[in-house]
Amino acid sequence: MSTHQLGSRIQCRNLSSIAVSQLQNSSEVNVTKTKIEIVDPLTHPDYFNVHNLFTVRDLFNARVHFGHKIGSLDDHMKPYIYGSRLGHLIFDLDQTASHLREALNFAAHIAYNDGLILFLYRGSLNSHLVERTAVECGEFSHTRYWRGGVFTNAKVQFKAVTRLPDLCILFNTLNNVMTQHTAVRDSAKMSIPTIGVVDTNCNPNLITYPIPGNDDSPASIELYCNLFKEAILRGKQKRKDHLDILRKQQIQLAESDQVTENN
């Protein structure tokens with residue numbers, strides 16, 4: 001890595017605790033020649049405006065409320081259940097919306113801080129959606145068989161020091177034989193935060209940001225993919241905007257210092 005690249009990366013990392021304040025009733029940034037007002041994004045409840053990406057009606061139309069049959073209910077999912085219809089469990093979409101907005105906000109913050117995000121999914125039906133979404137937002141995906149030790153024994157697996165992801169997004173938390181995805185356990189072991197869609201037959205205990213909802217239908221998976229892609233792109237765009245502003249400020253300060261020296 002060149003000195004220029006290293007310097008740029010250090011400058012990017014410094015953005016984790018600063019951001020340009022937003023104008024009232026406007027998303028534009030207020031920049032002056034001599035001063036830039038900055039604020040910590042973590043102090044804002046919805047800095048990237050992800051809460052307006054969807055409504056409860058959108059969740060309903062995407063069949064997010066459909067769960068599995070009553071007999072397959074995991075006891076840990078009972079708080080998220082609204083009721084049942086024709087033998088199938090129904091999610092409380094108000095709770096789903098709240099959990100999903102928290103997860104989207106967290107994903108946007110990770111993207112803003114130049115974090116590495118890994119999309120995970122097991123199943124052939126919707127794997128192409130997940131892989132395409134990862135490519136479109138410049139991140140990574142894994143939709144095939146998960147080898148044990150990819151996180152916990154990465155140095156041996158890949159014969160080199162490997163950077164682990166800063167966030168794992170699981171669009172389903174069960175594998176093909178209906179047991180918990182190994183990445184859920186390995187992420188918890190390595191203190192990697194996770195966002196996971198948990199259906200009525202899943203255990204949400206090891207998921208950092210569980211999203212109660214349907215993890216099977218193409219409509220629901222497509223909705224999740226679109227929402228997380230938009231949240232991640234918003235985080236990256238905000239980061240790019242702030243870096244551009246900081247560079248302009250540095251140029252202005254350098255020009256000002258040069259004028260002062262000449263005088």
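This is a predicted model: local features need pLDDT of at least 70, side-chain atom pairs count only at pLDDT 80 or more; totals for chains, interfaces and linings use all residues.
Residues are numbered from 1 along each chain as its sequence is written, and side-chain values use heavy atoms, with hydrogens and water left out.

The secondary structure of the protein chain comprises seven helices and eight strands. Helices (H or I, at least four residues) and strands (E, at least two) are DSSP runs, numbered from the N terminus. Of the 263 residues, 43% count as buried; buried denotes under 20% relative accessible area, exposed over 50%, and partly exposed the range in between (1.4 Å probe, protein chains only). The accessible surface of the protein chain comes to about 14,200 Å², and 52% of this surface belongs to carbon and sulfur atoms. Accessible areas were computed by the Shrake-Rupley method with a 1.4 Å probe; for residues, only the protein chains shown count as cover. Among contacts (heavy atoms within 4.5 Å) between residues at least 6 apart in sequence, 65% join residues at least 24 apart.

Three strands make up an open antiparallel sheet in the order β1-β3-β2, where two strands are taken to pair if DSSP finds at least two bridges between them. Strands β1 (66–69) and β2 (81–85) each have a single partner strand and stand at the edges, so one side of each is left without a neighbour in the sheet. From one strand to the next, the twist averages 30°; for such angles, axes are lines fitted to C-alpha atoms, for helices over the stretch in contact, and the values run from 0 to 180 degrees between N-to-C directions. Two bridges connect β1 with β3 (residues 88–91) in the antiparallel sense. In these bridges, Phe66 is partnered by Ile90 of β3, and Lys69 by His88 of β3. Strands β2 and β3, also antiparallel, are joined by four bridges, and Ile81 stands opposite Phe91 in β3. The hairpin of β2 and β3 has two residues between the strands, and Leu86 in this hairpin takes a positive phi near 50°.

Five strands form a second open sheet, with parallel pairing and the order β5-β4-β6-β7-β8. Strands β6 and β7 run parallel and are joined by three bridges, with Leu170 opposite Gly196 in β7. Helix α3 packs on the sheet and touches β4, β6, β7 and β8; the direction of α3 makes about 140° with that of β8.

Helix α3 (residues 93–112) also approaches helix α7 (residues 218–262), the two axes coming within 7 Å and crossing at roughly 35°. The crossing is right-handed, a term applied when the near helix is turned clockwise from the far one by less than a right angle, left-handed being the anticlockwise case. The α3 side of the contact includes Leu100, Leu104 and Tyr112, and the α7 side includes Leu227, Phe228, Arg239 and His242. The contact residues divide into 11 nonpolar, two polar and three charged; Ala, Val, Leu, Ile, Met, Phe, Trp, Tyr, Cys and Pro count as nonpolar, Asp, Glu, Lys and Arg as charged, and the others, Gly among them, as polar. His242 of α7 is buried, at 1% relative accessibility. The C-alpha atoms of His242 and Tyr112 are separated by 9.9 Å, although these residues are 130 apart along the chain.

Several loop residues were also examined. Asn201, in the loop between β7 (194–198) and β8 (209–212), is buried with a relative accessible area of 18%. Apart from neighbours within four places in sequence, Asn201 contacts His68, Ser72, Asp74, Leu174 and Met178. Asp114 lies in the loop between α3 and β4 (117–120); this residue is not a glycine, yet has a positive phi of about 65°, and at 24% relative accessibility is partly exposed. Lys159, in the loop between α5 (154–158) and β6 (167–170), likewise has a positive phi, near 60°, and is exposed at 71% relative accessibility.
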